[in-house]
Amino acid sequence: METLLVFGGSGLLGGKVAALARESFQVVATYTRTKPRHPGINFVELPKENVEEGMVLVRKTKPSAVIDAEAMDDVDRCEEERDLAWQVNAGSTGSLARVATDIGARYLFVSTDFVFDGTKGGYREQDVPRPVNHFGETKLAGEHAVLAATADHLVARPGLLYGWDDTYLNFATWVLSSARDGTPIDVATDWIASPTFADSLAAGVLELLKVRDGGVYHLAGADGMSRYDFAVRLVKAFGLDPETVRPVRAAELHLKAPRPANASLSSAKAKRHRIAVLPVDEGIAAMKEQRSLDSFVPPAGFKSGVSG
Ligand SMILES: NC(=O)c1ccc[n+]([C@@H]2O[C@H](COP(=O)([O-])OP(=O)(O)OC[C@H]3O[C@@H](n4cnc5c(N)ncnc54)[C@H](OP(=O)(O)O)[C@@H]3O)[C@@H](O)[C@H]2O)c1
């Protein structure tokens, strides 16, 4: 059986990729702070900034492919710890992708819609990225480093991720657990993105590994919408009171880093390869099928940047 190496196996997406890939690969996955408890996956503690160790791990495990879903993705913290953000998201990414090239493994880097400035929305792969914050700059540099290592490598850009995760709250689980508890939350009406169901994205990422042409692929849900509209849809679908979600302008949230106003993505290129992430209503319905909200205990770990 071939080996798949997943950087960021403790994250929302990385955990789902690692779990799903067990069906067809021997999976080795890294974590930084929290060791996940999925059976059948060999978890290794390795923060991505320890790049020498990461390079050794790639050589040692000899994977046929590497999925890099690890990032310093706290957008506001990236403004303050600029060098660390650069090292994790760009420097280490390039070094790991070059080792993958040396051993003949395909490298798939999970990037972000935040590479765009958000003035237009509906972005396609050929649109020119123009990040408005340091996080976006570092991820764009990571993309360039991966594709410089060989044009056969892959970059997948999702939008706002959502799905069940017992390790960290994400936007959707924050909205749902707040509504369940009757806690009002302020959510921006003027940040638009393409919500991306993490389970569906995980399957898409594994499919993308089979596509012959390297390069950039947008992999997001088809509907662009404001965070507020997404939050209201979620709450209504789970039979909760939408009044707990209070509409605000993003400026009222007083966040450190600017965000792209409309970073929605067109994923038509991936669709031509028969790869698609579920539309929002179907993704929310799948979440409901998977688990009841009653059984969800909000984890203490809260990813900053989730709110709003
Ligand atoms: N979340 C979104 O809405 C969104 C939107 C667009 C693109 N993306 C991209 O999609 C990918 C997966 O996102 P996700 O939401 O699944 O991520 P996540 O749940 O935040 O997980 C990120 C992973 O990176 C590790 N990590 C976090 N901070 C780190 C640091 N400072 N140094 C080294 N490792 C660190 C985490 O390890 P520990 O948990 O063990 O510390 C975890 O394994 C990322 O590349 C992200 O940029 C996410």
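Student: Which helix gives the most to the shell around the ligand?

Tutor: Keep in mind that this is a predicted model, where local features need pLDDT of at least 70, side-chain atom pairs count only at pLDDT 80 or more, and totals for chains, interfaces and linings use all residues. Residues are numbered from 1 along each chain as its sequence is written. Helices are DSSP runs of H or I with at least four residues, strands are E runs of at least two, and both are numbered from the N terminus. With three residues in the shell, the one that gives the most is helix α1 (residues 12–21).

Student: How many residues surround the ligand?

Tutor: A residue gets in if its C-beta atom, placed from the backbone, lies within 6 Å of the molecule. The closest ones are Gly11, Leu12, Thr32, Arg33 and Ala71. Altogether, the number surrounding the ligand is 27.

Student: And how many residues in that shell are nonpolar?

Tutor: Nonpolar means Ala, Val, Leu, Ile, Met, Phe, Trp, Tyr, Cys or Pro; Asp, Glu, Lys and Arg are charged, and the others, Gly among them, are polar. The shell has seven polar and seven charged residues. Its nonpolar count is 13.

Student: How are α1 and α7 set against each other, in one word?

Tutor: Their axes (lines fitted to C-alpha atoms over the stretch in contact, with angles from 0 to 180 degrees between N-to-C directions) come within 9 Å and cross at roughly 60 degrees. Under 35 degrees would be roughly parallel, over 145 roughly antiparallel, 65 to 115 roughly perpendicular, and the rest is oblique. So α1 and α7 are oblique.

Student: How many charged residues are in the contact of α1 with α7?

Tutor: Contact means C-beta atoms, placed from the backbone, within 7 Å. Leu12 and Lys16 are among the α1 residues that meet α7, where Asp199 and Leu206 are among the partners. The contact has 11 nonpolar residues and no polar ones, and the charged count is two.

Student: Which strands stand at the edges of the sheet?

Tutor: Seven strands make an open sheet in the order β3-β2-β1-β4-β5-β6-β12, with parallel pairing (at least two DSSP bridges between two strands). From one strand to the next, the twist averages 20 degrees. Each edge strand has a single partner, so one side is left without a neighbour in the sheet: these are β3 (41–45) and β12 (215–218).

Student: How are α4 and α5 set against each other?

Tutor: α5 (residues 134–149) lies across β5, β6 and β12, at about 170 degrees to β5. Its axis and that of α4 (residues 82–103) come within 8 Å and cross at roughly 15 degrees. The two helices are therefore roughly parallel.

Student: What is the handedness of the crossing where α6 passes α8?

Tutor: α6 (residues 171–181) and α8 (residues 227–237) pack at about 50 degrees, with axes 10 Å apart. Left-handed means the near helix is turned anticlockwise from the far one by less than a right angle; clockwise gives the other hand. Here the crossing is right-handed.

Note on methods:
Two residues are in contact if their C-beta atoms, placed from the backbone, lie within 7 Å.
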